[in-house]
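This report goes through selected residues, helix pairs and the chain contact of one model. Please have the sequence and the structure at hand.

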Amino acid sequence: MIESHLPAYIALTFVLFSVLIPVFGLWKSELSQPLAVLGAGIAAGFSLFGFFDVINDGAIRYYFGGWEPPVGIEFVYDGLSAFFVLVINAVAFFVLIHSHHISKREFPGKEMPYYSLAMLMLLGFNGMILTGDLFNLYVFLEIASLAGYALIAIGDKPAPYAAFRYLIIGTAGGTLYLLGVGYMYTVTGTLNIIDMAAMLPMLYESNAVFAALILMIVGIGVKAALFPMHGWLPDSYTYASSSSTALVAPIGTKVAAYILFRIILWLFGIEITDAVAPISYIVGVLACIGILYGSIMAIAQSEMKRMLAYSSVSQIGYIIMGLSLANPWGFAGALLHVLNHAVMKACLFMISGQLRLKEGHSDMSRFDDSYRKKYPWTMASFTIAAISMIGLPPLAGFFSKWYLVLETIDNSNWLFLVVILISSLLNAVYFFRVLEKVYMMDPSKGQKKPKDGEYSEPKASMMIPTSILAISLIVIGFANALIVGVLLNIFPF
Amino acid sequence: MLDFFLGHYAYWFTIILLSIGLYGILFKKNLIKKTIGLAILQISVVMYFVSIASKWDATVTVLNPDFPVDQVANYLNPLPHTLMLTAIVVGVATLGVAFTLLIAIYNRFETLDEEELIEKIQ
């Protein structure tokens with residue numbers, strides 16, 4: 001009984017808690033954060049349960065109000081959406097636990113609206129993933145985006161300007177996507193993804209379909225920070241409050257990448273995508289440029305959050321590259337990278353939040369070796385996440401890159417192979433310089449003695465989520481064969 | 001050739017609106033003007049959807065006893081209109097958030113000119 005309603009429960013949990021938080025928050029403001037954690041926890045529990053259910057029993061299609069598509073709206077809970085929902089809800093759960101002290105410090109008194117908005121944003125993201133209707137997807141996209149602009153506007157002094165730029169470019173992207181949906185509607189007469197996918201083979205090489213594909217990729221590419229459309233991302237992530245960044249950064253761009261997967265592999269299919277022009281290859285080349293550009297810009301930064309933001313531009317490139325390869329192993333590598341990158345980025349942004357809370361800054365040029373005494377566990381988590389980001393075995397980051405590399409060799413796609421290898425080296429440059437400052441001091445050079453630092457790790461409510469995410473990177477690394485086995489079954493053809 | 005322009009005049013107006021909106025977003029320096037450009041861009045897409053619903057010799061989608069309901073050709077397509085009601089609401093909400101952010105920007109930097117803002121931030 002519960003299984004058939006599961007997709008709706010996940011979305012409704014967030015609706016319920018986005019209303020409950022203002023109700024209880026007006027009474028006692030301290031209740032907002034535990035309620036948000038509870039909401040995300042319940043949704044994560046549903047997603048975990050649903051994920052195994054889908055793996056065992058196949059996809060669930062939930063018809064709203066009993067109206068069957070194409071008349072009604074449906075939620076499609078298949079392998080791909082179950083996987084993404086599980087990843088984003090689990091990561092959001094840990095990030096929300098972590099944000100307790102940061103929210104008290106960075107925006108005191110605004111907890112209630114903040115967590116209510118966070119729930120609304122998660123509703124939007126979950127809805128985007130679950131919905132099987134292109135227009136419904138646009139509505140959820142805008143819910144998630146509007147809540148996201150508000151969350152990003154909470155933060156440092158220039159944060160509203162960064163959020164405004166994101167709003168302008170993001171809404172323009174959403175509008176282009178809507179225009180693409182309009183084109184698809186005029187040629188097919190339906191908005192349901194499954195229904196439309198069945199009709200598209202008859203419209204092979206149609207100009208309207210081609211134009212719609214371009215508009216949708218550009219519109220969603222803005223949200224995914226695909227290379228030429230990434231301009232909003234560094235400023236937004238840098239100036240937003242640490243807890244907002246930790247919430248938006250691991251989730252937001254992944255959901256947009258999910259839509260690209262859904263549109264290119266499920267709705268259009270790779271043959272129609274490449275019928276008029278080699279779109280998938282062009283997208284892959286853009287991803288390559290993004291990977292190199294993001295890595296090089298990350299090296300040039302001294303502020304940790306800005307470095308991580310540029311690194312996000314680079315990492316989303318790997319996911320899109322796996323999409324453009326469009327074969328089972330590339331697909332599995334890309335999805336594994338979605339999981340890895342969500343965990344790694346959440347962990348790293350949470351650490352930058354912890355350092356900001358304790359030190360008042362996250363400027364890497366001012367890091368020194370006292371940090372390893374003051375924050376041994378924070379720095380250990382940072383090291384694990386950083387090494388995973390670079391891609392050293394046996395950590396999680398290695399395996400997603402490994403599958404992508406195998407697949408590029410298989411396709412004889414040497415450009416992509418070279419880009420992955422160079423980018424790994426560049427990643428090593430920007431993470432090892434932090435590790436060097438914190439862990440390595442050459443005593444023979446007569447430098448001053450290691451600075452003494454009191455042990456002052458942040459509170460357990462921050463340390464535990466960070467450590468769990470860091471440890472899970474090792475676990476994912478060892479369990480990669482299991483995860484990839486499941487992911488290969490999701491591949492559509 | 002003339003038929004191509006006259007026969008699709010609704011779409012040409014949509015394209016003109018879309019271009020005006022994109023021009024406003026890309027080239028205007030004042031943030032309020034950028035927001036206006038954004039609104040025009042959104043309205044152009046709304047107009048596109050409304051124009052694809054229209055039909056010759058058909059009436060509005062309100063049940064009329066003169067036209068039996070099984071002859072759907074007598075009625076306009078109601079779906080794009082209902083979709084656009086939602087899209088208009090989304091547009092209004094976006095403008096609301098945009099103006100809220102503009103007020104916050106103005107209170108912090110006392111300017112809405114993009115170049116001055118970038119100077120003040122750096």
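Gly269(A) counts as partly exposed because 17 C-beta neighbours lie inside 10 Å. A residue is buried if 20 or more other C-beta atoms lie within 10 Å of its own, exposed if 12 or fewer, and partly exposed in between, with C-beta atoms placed from the backbone. Gly269(A) belongs to helix H10 (residues 242-273) of chain A; helices (H or I, at least four residues) are DSSP runs, numbered from the N terminus. Its C-alpha atom is separated by 27 Å from that of Val418(A), 149 residues apart along the chain.

Ser400(A), in helix H16 (residues 396-410) of chain A, counts as buried, because it has 30 C-beta neighbours inside 10 Å. Not counting residues up to four places away in sequence, Ser400(A) touches Gly333(A), Leu336(A), His337(A) and Asn340(A); contact requires C-beta atoms, placed from the backbone, within 7 Å of each other. Between the C-alpha atoms of Ser400(A) and Ala212(A), 188 residues apart along the chain, the separation is 31 Å.

## Basis of the model

The model is predicted: local features need pLDDT of at least 70, side-chain atom pairs count only at pLDDT 80 or more, and totals for chains, interfaces and linings use all residues. Residues are numbered from 1 along each chain as its sequence is written, while chains are lettered from A and ligands numbered from 1 in the order in which they are written.

## Nonpolar core

The largest nonpolar core has 204 residues. Such a core is a set of buried Ala, Val, Leu, Ile, Met, Phe, Trp, Tyr and Cys residues joined through C-beta atoms within 7 Å. Helix H13 (residues 328-359) of chain A provides the largest share of this core, 18 residues.

The residues with the most contacts inside the core are Val91(A), Ala118(A), Leu151(A), Leu260(A) and Ala346(A). Not counting residues up to four places away in sequence, Ala118(A) touches Ala36(A), Leu96(A), Leu151(A) and Leu247(A).

## Helix pairs within a chain

In chain A, the axes of helix H2 (residues 32-57) and helix H3 (residues 79-106) come within 8 Å and cross at roughly 160°. Axes are lines fitted to C-alpha atoms, for helices over the stretch in contact, and angles run from 0 to 180 degrees between N-to-C directions. H2(A) is therefore roughly antiparallel to H3(A), a term for angles over 145 degrees. The contact of H2(A) with H3(A) has 17 nonpolar, nine polar and no charged residues. Here Ala, Val, Leu, Ile, Met, Phe, Trp, Tyr, Cys and Pro count as nonpolar, Asp, Glu, Lys and Arg as charged, and the others, Gly among them, as polar.

In chain B, helix H2 (residues 9-27) and helix H3 (residues 31-52) pack at an angle of about 160°, with their axes 7 Å apart. H2(B) is therefore roughly antiparallel to H3(B). The residues of this contact divide into 15 nonpolar, six polar and two charged.

## Contact between chains

Chain A has 22 residues in contact with 25 residues of chain B. On the chain A side, H6(A) gives the most, with 13 residues. That side divides into 16 nonpolar, four polar and two charged residues.

The axes of H5(A) and helix H4 (residues 78-109) of chain B come within 11 Å and cross at roughly 10°. H5(A) is therefore roughly parallel to H4(B), as angles under 35 degrees count as such. Among the residues of H5(A) that meet H4(B) are Phe135(A), Val139(A) and Glu142(A).

How values were computed
Helices (H or I, at least four residues) and strands (E, at least two) are DSSP runs, numbered from the N terminus. Angles under 35 degrees count as roughly parallel, over 145 as roughly antiparallel, 65 to 115 as roughly perpendicular and the rest as oblique. Two residues are in contact if their C-beta atoms, placed from the backbone, lie within 7 Å.
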